[in-house]
2 protein chains.
Amino acid sequence: MPFRNFTSQARKIVAIGRNYAEHAKELGNEVPKAPFFFLKPTSSFVTEPNAIEVPKGAVVHHEVELGLIIGKDGRDIPATQADSYIAGYFLALDMTARNLQDEAKKKGLPWSVAKGFDTFTPVGKFIEKSAIPNPDAFRLWLKIDGKSVQDGPTSDMMFKIPQLIEHVSSVMKLEKGDVILTGTPSGVGPVQPGQTLTGGIRPLNSSNDISTFSFP
Amino acid sequence: MPFRNFTSQARKIVAIGRNYAEHAKELGNEVPKAPFFFLKPTSSFVTEPNAIEVPKGAVVHHEVELGLIIGKDGRDIPATQADSYIAGYFLALDMTARNLQDEAKKKGLPWSVAKGFDTFTPVGKFIEKSAIPNPDAFRLWLKIDGKSVQDGPTSDMMFKIPQLIEHVSSVMKLEKGDVILTGTPSGVGPVQPGQTLTGGIRPLNSSNDISTFSFP
Ligand SMILES: [Mg+2]
Ligand SMILES: [Mg+2]
Ligand SMILES: [Mg+2]
């Protein structure tokens, strides 16, 4: 597993916005006509058993997402070849200071702070590519202190993973170890300090998770 | 010179926006009351003798800037201790697809694409820290095909480098090798394919550059 330590290898985290229609709508955003993305700093990765931090004054939302790891360098990758650039997957949270993001959006300012605090990209373990033969046929779920908050099928992604890789690599080359977060299903909401977030990913037709994580 | 290859070591590029009042005004922006920043992907670095690319449909502006390299990990670094975190400097261009940035600002979307294309962070060679004992007392200049377009003193920075390091590290930890671009003086404008950009940095009281670069 050459990507077991992907959090120390990635040189960029590309995160896709509003890739599930229901999530775009729940925040009052338009459903995008083309994929769009933003960057998170790799310094925001956090792994178990460490904790997610809620910065003072921030209203921090959870967004459970499927992450993928790029296995080789590429630029202008056609969707038809995208699969060969995927080295594996992981379960992720795209933590977001929603109040700071709302303010940035109003002022036309970057999202980097709202998305970039330390511990704002909690991730699970490396998932072998063979464990996700069809990334369209899984459920992502998240619970706060045992109560379900997000539970959605990856088949609801408006822009599929090959299109995402094509789009991102048309702007910036993707390098071995880079990761892409593919967007979150609906159900996002605030996290309070002291709460525990538990998440998982499982095939649509199964009740067995292939990966889970739990973050205090 | 452990940072001679800083472009392959950096895990993040943090770029400060509107740090020179005249530049903020020339684009019709308010002069900010606190520093703000965005992230550029490290895949956007380009070094001599390679060329800057102008993506199709993009109006690409030059922004000549002083870059600094972080020499050790730090978080919540007080301005009074910031200097000890600086390992050296470099001359940089923060290339910007202005039309895409304007569109992103209007729509409240991230700046990542407008700032993140391949070759959008041209940089010169590593500058020893000892060559810039006072980063406040230098001039940054840029010419297009030999014609002066930007020429401004670093003393015009509204937020000084120690404050920038304090601010950025209050949001996200800075890691050894990370770089910060400190903002651009006025005079930004479009670059046409085929034009050559030549820039330099020199002490205020001297006509000898301590570093220069030239990019086709
Ligand atoms: Mg997200
Ligand atoms: Mg951004
Ligand atoms: Mg700039």
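Modeller: Donors here are N, O and S atoms within 2.8 Å of the metal (3.2 Å for Na, K and Ca), and water is not among the atoms, so sites may look incomplete. This is a predicted model: local features need pLDDT of at least 70, side-chain atom pairs count only at pLDDT 80 or more, and totals for chains, interfaces and linings use all residues. Residues are numbered from 1 along each chain as its sequence is written, chains are lettered from A and ligands numbered from 1 in the order in which they are written, and side-chain values use heavy atoms, with hydrogens and water left out.

Colleague: OK, which residues coordinate the magnesium ion (ligand 3)?

Modeller: Glu63(B) (OE), Glu65(B) (OE) and Asp94(B) (OD) do, at 2.0 to 2.1 Å. Their sequence spacing reads E-x1-E-x28-D. Glu63(B) sits in the loop between strands S4 (60-62) and S5 (64-70) of chain B and Asp94(B) in the loop between strands S6 (86-93) and S7 (96-97) of chain B, so the pair ties together parts that are 31 residues apart in sequence. Helices (H or I, at least four residues) and strands (E, at least two) are DSSP runs, numbered from the N terminus.

Colleague: Are Glu63(B) and Asp94(B) buried or exposed?

Modeller: Both are buried. Buried means under 20% relative accessible area, exposed over 50%, partly exposed in between (1.4 Å probe, protein chains only).

Colleague: Switching topic: which residues of helix H3 (residues 98-107) of chain B are buried?

Modeller: Arg98(B), Gln101(B), Ala104(B) and Lys105(B). Down the axis of H3(B), the buried residues fall within an arc of 120 degrees, so they line one face of the helix; the arc is that of the directions from the helix axis to the C-beta atoms. On the other side of H3(B), Lys106(B) and Lys107(B) are exposed.

Colleague: And what forms a salt bridge with Lys107(B)?

Modeller: Glu103(B), with the closest N and O atoms 3.5 Å apart. A salt bridge is a side-chain nitrogen of Lys or Arg within 4 Å of a carboxyl oxygen of Asp or Glu. Lys107(B) and Glu103(B) are both in helix H3 of chain B, four residues apart, about one turn of the helix.

Colleague: How many salt bridges over all chains?

Modeller: The search finds 30. One of them pairs Lys12(A) with Glu175(A), at 4.0 Å between the closest N and O atoms. Lys12(A) counts as buried at 3% relative accessibility, and Glu175(A) is buried too, at 16%.
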